[in-house]
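This briefing goes through selected side-chain contacts and backbone features. Keep the sequence and the 3D view open while reading.

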There are 4 protein chains.
Amino acid sequence: MDVKVYKLEMSGPEDITNLEKLVNSGEINPKEVIAVMGKTEGNGCVNDFTRGYCTEVLTNYFSKKLEKTYEETKKQIAFIMSGGTEGVMSPHMTVFTQKLDSEKTNSDEKRLAVYSGYTRDFLPEEIGTKTMVEEVSEVVKELIKKAEIESIEDVHFVQIKCPLLTSERINDAESRGKKVVTHDTYKSMGYSRGASALGIAVALEEISLEDLEDSDILKDWSKYSAVASTSAGVELMNCEVLVMGNSKTSNSEYRIGHSVMKDAIDLEAILESLKNAGLEFESLPKKEDLDKIVNVFAKAESPSHGVVRNRRTTLLTDSDINHTRHARAVVNGVISSVVGDPMIYVSGGGEHQGPDGGGPISVIIKA
Amino acid sequence: MDVKVYKLEMSGPEDITNLEKLVNSGEINPKEVIAVMGKTEGNGCVNDFTRGYCTEVLTNYFSKKLEKTYEETKKQIAFIMSGGTEGVMSPHMTVFTQKLDSEKTNSDEKRLAVYSGYTRDFLPEEIGTKTMVEEVSEVVKELIKKAEIESIEDVHFVQIKCPLLTSERINDAESRGKKVVTHDTYKSMGYSRGASALGIAVALEEISLEDLEDSDILKDWSKYSAVASTSAGVELMNCEVLVMGNSKTSNSEYRIGHSVMKDAIDLEAILESLKNAGLEFESLPKKEDLDKIVNVFAKAESPSHGVVRNRRTTLLTDSDINHTRHARAVVNGVISSVVGDPMIYVSGGGEHQGPDGGGPISVIIKA
Amino acid sequence: MDVKVYKLEMSGPEDITNLEKLVNSGEINPKEVIAVMGKTEGNGCVNDFTRGYCTEVLTNYFSKKLEKTYEETKKQIAFIMSGGTEGVMSPHMTVFTQKLDSEKTNSDEKRLAVYSGYTRDFLPEEIGTKTMVEEVSEVVKELIKKAEIESIEDVHFVQIKCPLLTSERINDAESRGKKVVTHDTYKSMGYSRGASALGIAVALEEISLEDLEDSDILKDWSKYSAVASTSAGVELMNCEVLVMGNSKTSNSEYRIGHSVMKDAIDLEAILESLKNAGLEFESLPKKEDLDKIVNVFAKAESPSHGVVRNRRTTLLTDSDINHTRHARAVVNGVISSVVGDPMIYVSGGGEHQGPDGGGPISVIIKA
Amino acid sequence: MDVKVYKLEMSGPEDITNLEKLVNSGEINPKEVIAVMGKTEGNGCVNDFTRGYCTEVLTNYFSKKLEKTYEETKKQIAFIMSGGTEGVMSPHMTVFTQKLDSEKTNSDEKRLAVYSGYTRDFLPEEIGTKTMVEEVSEVVKELIKKAEIESIEDVHFVQIKCPLLTSERINDAESRGKKVVTHDTYKSMGYSRGASALGIAVALEEISLEDLEDSDILKDWSKYSAVASTSAGVELMNCEVLVMGNSKTSNSEYRIGHSVMKDAIDLEAILESLKNAGLEFESLPKKEDLDKIVNVFAKAESPSHGVVRNRRTTLLTDSDINHTRHARAVVNGVISSVVGDPMIYVSGGGEHQGPDGGGPISVIIKA
């Protein structure tokens, strides 16, 4: 397998100029594109239409290039859009390509391997439950195998796009006499993200399925995955799963590593994640180290108690700016100050993705 | 001179509980208080009433303790309130006390010296002009002398509260046939802050008065002071000036240092400022170093072109959140990640205070 | 009884200039002031400090004038601050004075009567429950009698300031083995407002206590009072109650009336409320009618389903602006367009105060 | 000519379901569509991408239906998107169709006539100048003729989409030694909207070209058009003009009328506009009158002094919510309260479109 990763600047949610250039020059073969992860400049909350806008433009573009329908295109390529570029975060997309028939020419070194797949469609009453956790964990395990990642320690990032409840879906479940986890459609996003993250945690043996109760979801924050990044979208009823890790059979020029930020200003964890990805430095990385970084993927979240390093913050009491927006601004700023580049991927809403108030941070380097 | 510095948590803009405790215990003598610098949890923009609220409560409190009128109290103590605690910034106040008759017992070491004073009242037509620059520079020079700071290299922080234009003041000037710098009262705040900062720059020989034109104000961003922090308020017509530096004649347990952040994510400058204040460490400070830090005072500002490290940001195109709010969240986050404490003072609106998009950072340590 | 009502412009939450003028001129006797209702220019949500700021300034002012302590002053005068002056709403305060020994000189006509009082302190576990409803209803009934309002039909406005749950209060209840209605302190405000409003509804026989279950609170929106206006504050554990109606024994120059808006754009209900207060006009009021209006007091609320006149709105899906802010802008705008004055009192958060998405509207006229 | 007007609900900026239904049923012939005016649910300010998203989806849809390229489609149909559905405004689109060969069968009555066209491309240095005013006025006059609207009194709505300045365009002008009206790209939108509106005013003889100076643009607010509605967009260098009025030669079932709101709460002007469109009622319209209304098109704007009916508002001092958002919430609310439907078109940014703080209101009825 040969995996390539491209980070491309965007001048707006509809801007695919840089992608077009690379496709036109032959650098990117549209048929090999398996995923696009975008940071778009909306508010990252309910009424953020920049995610949909960007997906719309990309789907139309690839649909033409692949000569496939809109629906087929969406099945072939995972479009994962995260809204919210607060602070100095620079809007961009990361394009992943995968060549399956590439022969291994490298040494024995472990290299970036990526595989994407899907769960079955969920019933509305399953969203945010232990049933969802179980189904997700099975698919994650399967994709790890397909990616030929030998050990769960070599998995460094699992991105999931998961469904949410709508009024229609709730009515559907209730008309069949079933109960849903919540009647609040906004909250259902949290439940779905949380259950998906716990599914990853089970697959990676971070927690055991036996110890998990339905009631732990969105409650017991000590249960989490250190490599999960999940986001909910209205357009699907299953989970789209993207597994990334390092594999001996990969022929990629890229490697991935990760760490877990304990809170939004955890400088140490950022340094650890860089080392985990393969950079070698004392104390702080140098320019030549930083040049090897392709992108950083992190989750930002406000602590449920609003306290950071024993200090009161106003994250949860600000009625003008949603706390996820504050959190993204900070986490992006702190990581940027280390890697010297504000164009990194920081996404909000991290239920069961890292500890309360913290989150996973994954790094891809080219070296 | 003996100067002491106290950083006190606040649970809201009206919360002076921690101040009261220290006064009641005898640790703080109200008569020795010369300045209170607060970070209050408003939006830091036009309709931020948390600054006034906090000042109101403090003035009433000290008025009783000092047995002085409201107006006399305001003349005796500089109340400098900065609104906006975005990201993880923790609301707090820093109280400065000064004992003038303290005998020098220390060694020859330079120690924290603080002195406050006033310019004359400005005419509306002088606000934001070279005349203001000149008057401010004279007062700053005088206060440096009074503080017995031997060299301008030993000045590390100059805080100024300056006036702004209102409709009445503009009318007054024009009725006398005079021109004001702007008819936009909001913009006049920037002009006044900018001219005040340039006054500091002249006093500290960072720029020369001869080279400065009226038209450079809010235009030529290459002219700035590396230690200025200025804020505009409607309640005064003169400038309140607070000069801080290190002096051989000071008997304080505290020292101050500074550096200049080139942009909002300038990690290196933060480390420099800590070293400049007297902390000794390689690469990154350790816990025992950080324990010596009392507070950090920094200016946050969006670059006028919106670009950070050659990357497009959405700082200036976000119509939902003012760019100063984004900037404060980032700068506070980055500094917090180094010093391990989100309770630091980061203020917005840094015209001619550090370079375009950057700002001064001053650090007070107790050691 | 002689009741007087003054509507005073404010240039900011701290501006009591117009009040001072009337006190200095002898028009207002501070000893006769029983309530001040203010519209202050914050966001009307969690971090709105303009309410506290205004209360602080007023309490200090009256404390001096009455030669009473801060606490005694707060007991004597009801300070009811409502934040949020969205749209064209103009910040102002309404001052109510009451002279008890005024002899009836008027004809038999019913005139404005106002009476204020308090419930007992509630235990944390009682807040938002049927126990609270019952206690509030008893006090409201008592105050109606004291105001000498002969019939419940003559009650047109009941304002209540009620307590909320804090972490400490929740812990207190739980340490005694008691359950509270919610662990979410923000939500507890809604429960407390809702139960208080239902207490008014019981007192005015709009609903019967027997038909009410604890579980109806914040659920069964068909149960409501048509004259209730309640707001929660952290500083008290009891309810401050202000009853307004018309009484034959009142000697006031003022009268009050009310109606209920079915939704935010219910023009007809506004016209009804004016007529109910005593204005006589066909179709639309004329200038001479409008001149008699002293102030209008209305509640604004987004419908729980987000739909207005069968049309989808974005009230509940806007993550940048809280729905209460949208609602206040609209209700104030619509009422202003009828009465020709944007300086009216529109307050948000109307649980069980009028029907879902609507709210009571009361009008005081001088005639 | 036969003109038809359809108002269609949207569940999001990408929702064209209701349009598809009418096209599929044969009710709307895509070839006859000349304009779509949409209210989309963004913030209506700089970073509102809902306008572009909706235009993208519509252009792709019509491109397929018309079998034309993306660019040809954009030339054939005017897509006019206005962002911001504050308060209770309901997102929707209005589709205008025009059948030119329809024979006049009606009586002599004047009926709705619509015609669209273009100015030449402007040079950057012409944007916002008197040259632009003149060119716009010529095209408006021409379109009035083409629409066979006999008299300028019969013109009731002129919608223009106009260009703005970007950094590239400014550079282009300056490289040729030309001056642009402003270096602030955001402000250039106001200049372009203002000059376009004044072009309409000249064409309709509301002002005379001779009396107009370049310096009047964005300064002399007494010069305005009572029927102009203009919006700026980055994607064009000319003006797209849509003229609407009543003509004897039109065979439409629709009629149009207008009035001018003096301020955001001008109830009287709203009633006048309904009567001007042809509704006959005393005082307030009845249900059967309201049923005839197809849509209302109004401009909302904050007064430059922030004062409404002699009352201070916080429109211009709110740093959390842009004043255009407040203004739209109010104007939509007030009109909705009269017409009984919150699904109407209220757009912000009304330079020289109606008087300072007010704006034109046009009404289309089917009767």
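With which residue does Arg120(B) form a salt bridge? The partner is Glu126(B), and the closest N and O atoms of the two are 2.9 Å apart. The model is a predicted one. Over all chains, the structure holds 96 salt bridges and 22 aromatic pairs.

**Salt bridges**

- Side chains of opposite charge can pair when their charged atoms come close.
- In the bridge between Arg120(B) and Glu126(B), the arginine is partly exposed, with a relative accessible area of 37%. Glu126(B) has a relative accessible area of 12%, so it counts as buried, the cut-off being under 20%.
- Arg111(C) pairs with Glu109(C) in a salt bridge whose closest N and O atoms are 3.1 Å apart. Here Arg111(C) is buried, at a relative accessible area of 7%, whereas Glu109(C) is partly exposed, at 34%.
- Lys223(C) and Asp220(C) also meet through their side chains in a salt bridge, at 3.3 Å from N to O. Lys223(C) is buried, with a relative accessible area of 16%, and Asp220(C) is partly exposed, with 23%.
- A network of salt bridges links Glu86(A), Arg325(A) and Arg328(A) with Asp318(B) and Asp320(C).

**Aromatic rings**

- A pair of aromatic rings is described by the distance of the centres and the angle of the planes.
- Among the 22 aromatic pairs of the structure is the one between Tyr61(C) and Phe62(C), which is edge-to-face, with 5.4 Å from centre to centre and 70° between the planes. Both Tyr61(C) and Phe62(C) are buried.
- Phe96(D) and Phe297(D) form a tilted pair, because their ring planes stand at 35° while the centres are 6.3 Å apart. This pair links distant parts of the chain: Phe96(D) sits in strand E4 (residues 92–99) of chain D and Phe297(D) in strand E10 (residues 293–300) of chain D, 201 residues apart. Phe96(D) and Phe297(D) are both buried.
- In chain A, one aromatic cluster is formed by Phe96(A), Phe157(A), Phe297(A) and Tyr345(A).

**A charged patch on the surface**

- Four residues, Glu210(A), Asp211(A), Glu213(A) and Asp214(A), gather on the surface in a patch of negative charge.
- Asp214(A), one of these residues, belongs to the loop between helix H6 (185–203) and strand E7 (228–232) of chain A.
- The relative accessible area of Asp214(A) is 47%, so this residue is partly exposed rather than exposed, which would need over 50%.

**Positive phi angles in loops**

- Where does Glu67(A) lie? It is found in the loop between helix H2 (50–66) and helix H3 (70–76) of chain A.
- Glu67(A) is not a glycine, yet its phi is positive, at about 50°. The residue is exposed, with a relative accessible area of 73%.
- Ser283(B), another residue other than glycine, has a positive phi near 55°.
- The loop that holds Ser283(B) runs between helix H7 (267–277) and helix H8 (287–290) of chain B. Ser283(B) is partly exposed, with a relative accessible area of 28%.

Methods:
Residues numbered from 1 in each chain as written. Chains lettered and ligands numbered in written order. Predicted model: local features only at pLDDT ≥ 70, side-chain atom pairs only at ≥ 80, totals over all residues. Heavy atoms only, no water. Patch = residues over 30% accessible without salt bridge, like charges linked within 9 Å, V, L, I, M, F, W, Y side chains within 5 Å. Areas by Shrake-Rupley, 256 points an atom, 1.4 Å probe, with all protein chains shown as cover. Lys, Arg positive; Asp, Glu negative; His and termini not counted. Charge placed at Lys NZ, Arg CZ, Asp CG, Glu CD. Helix = DSSP H or I, 4+ residues; strand = E, 2+ residues; numbered from the N terminus. Buried < 20%, exposed > 50% of the residue type's maximum accessible area, 1.4 Å probe, protein only. Phe/Tyr/Trp six-rings, centres within 6.5 Å; stacked < 30°, edge-to-face > 60°.
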